[in-house]
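User: I would like to learn how to read the main features of a model like this one. Could you take me through them step by step?

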Amino acid sequence: MTAPTDAEQRPNVARMYDYFLGGCHNFAADRAAAEQILSIFPDTGVAAQANRHFLRRAVRFAAEQGVRQFLDIGAGLPTQGNVHEIVRQVAPDSRVVYADVDEVAVAYARRLLPIDDRTVVVRADLRRPDELLAHPDVRSFLDLDRPVAVLLVAVLHFVTDAEDPYAAVARLRDATVPGSHLVVSHLTSDGAPPLPAQRGTAVYQRSSAPLVPRTHADILRFLDGYDLVEPGLVPVAQWRPDGEPQQRVSHGYGGVGIRR
Ligand SMILES: C[S@@+](CC[C@H](N)C(=O)[O-])C[C@H]1O[C@@H](n2cnc3c(N)ncnc32)[C@H](O)[C@@H]1O
């Protein structure tokens with residue numbers, strides 16, 4: 001037997017999320033940390049599913065509005081209903097760039113997703129938007145003179161205020177043309193009981209990224225410069241429910257803006 005690598009020993013937020021979604025791309029350390037979260041917030045798996053449903057509806061909305069380019073930052077491990085599968089139901093010629101900072105997530109995505117002339121996976125860090133935008137695959141795949149839907153779904157809460165996520169999001173906004181979409185979902189501290197919330201963030205302190213829940217007002221600031229589409233920034237399960245069975249549990253807010 002080989003000794004576990006560092007990557008396997010340290011809980012990793014991408015693989016913990018995979019475990020919450022019922023996936024199998026996770027190691028013992030990820031499962032142990034995820035189980036700790038589930039012991040504090042037993043509905044975390046349901047909330048993760050609700051977040052995926054939000055992503056599906058928001059991506060479909062962008063495709064139906066005519067957007068044909070998608071930049072999914074913090075894309076995570078492949079799961080059911082990946083972005084390229086959603087958009088191709090509306091517009092088969094759409095291009096999708098999956099980006100993630102985590103090397104294991106990127107490796108799995110490259111292995112499991114159909115990499116072709118319309119889909120690519122890059123390793124990139126949201127905290128370094130200039131490098132992300134300059135990545136050769138991003139440059140060759142996306143025409144920034146045409147609208148792009150930038151997806152920041154359940155990723156901004158892994159970027160601390162000290163790392164200035166607002167500047168990163170503004171940089172991405174400024175790189176895109178009017179008519180581009182920004183899709184945001186974000187864990188919230190609103191209404192969370194303080195003690196369990198502290199225990200939850202303590203688990204993430206020992207993982208690959210700290211967890212930074214934010215208030216509604218602070219999450220709304222990410223959408224500065226965008227016109228928020230109805231119903232605004234709301235609990236993810238309440239964003240344009242489309243008749244499919246909805247998971248009612250929201251641990252965060254979701255919203256879509258269209259660049260002015
Ligand atoms: C909870 S998962 C969300 C996956 C997917 N977006 C979704 O909502 O279903 C968060 C993902 O963000 C990635 N991530 C965390 N910090 C990041 C950063 N600074 N840049 C890019 N990706 C990041 C993690 O590796 C992980 O895959």
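Predicted model: local features only at pLDDT ≥ 70, side-chain atom pairs only at ≥ 80, totals over all residues.

User: Let's begin with the whole chain. How many helices and strands does the protein chain have?

Analyst: The protein chain has eleven helices and eight strands. Its C-alpha atoms fill a box of roughly 45 × 45 × 40 Å along the principal axes.

User: What does the radius of gyration say about the protein chain?

Analyst: The idea is to compare the value with that of a compact globule. For 260 residues, such a globule would have a radius of gyration near 18 Å, and the protein chain, at 17 Å, agrees with this. Buried residues account for 45% of the chain.

User: Which residues of the largest nonpolar core touch the most other members?

Analyst: In a core of 72 residues, they are Val 59, Leu 71, Ala 99, Val 150, Leu 151, Leu 152 and Val 183. Helix α4 (residues 44–64) gives this core its largest share, nine residues. Take Leu 71 as a case: leaving out residues up to four places away in sequence, its contacts are Val 97, Ala 99, Leu 142, Val 148, Val 150 and Leu 151.

User: Which residues come nearest to the ligand?

Analyst: Of the 23 residues around the ligand, these are Ala 14, Gly 74, Gly 76, Asp 102 and Leu 126. Helices α2 (13–20) and α4 each supply at least two of the shell residues.

User: And what should I look for in the backbone?

Analyst: Look for exceptions: most residues other than glycine have a negative phi, and most peptide bonds are trans. Here, Ala 154 has a positive phi of about 55 degrees, and Asp 164 has a positive phi near 55 degrees. Ala 154 lies in the loop between β4 (149–153) and α9 (165–175), and Asp 164 is found in the loop between β4 and α9 as well.

User: Where is the cis peptide bond?

Analyst: The cis bond runs from Glu 230 to Pro 231, with omega near 5 degrees. Pro 231 sits in the loop between β6 (226–228) and β7 (234–235).

Notes:
Residues numbered from 1 in each chain as written. Core = buried A, V, L, I, M, F, W, Y, C linked by C-beta atoms within 7 Å. Buried ≥ 20, exposed ≤ 12 C-beta atoms within 10 Å, placed from the backbone. Helix = DSSP H or I, 4+ residues; strand = E, 2+ residues; numbered from the N terminus. Contact = placed C-beta atoms within 7 Å. Near = placed C-beta within 6 Å. Rg over C-alpha atoms; globule rule 2.2 N^0.38 Å.
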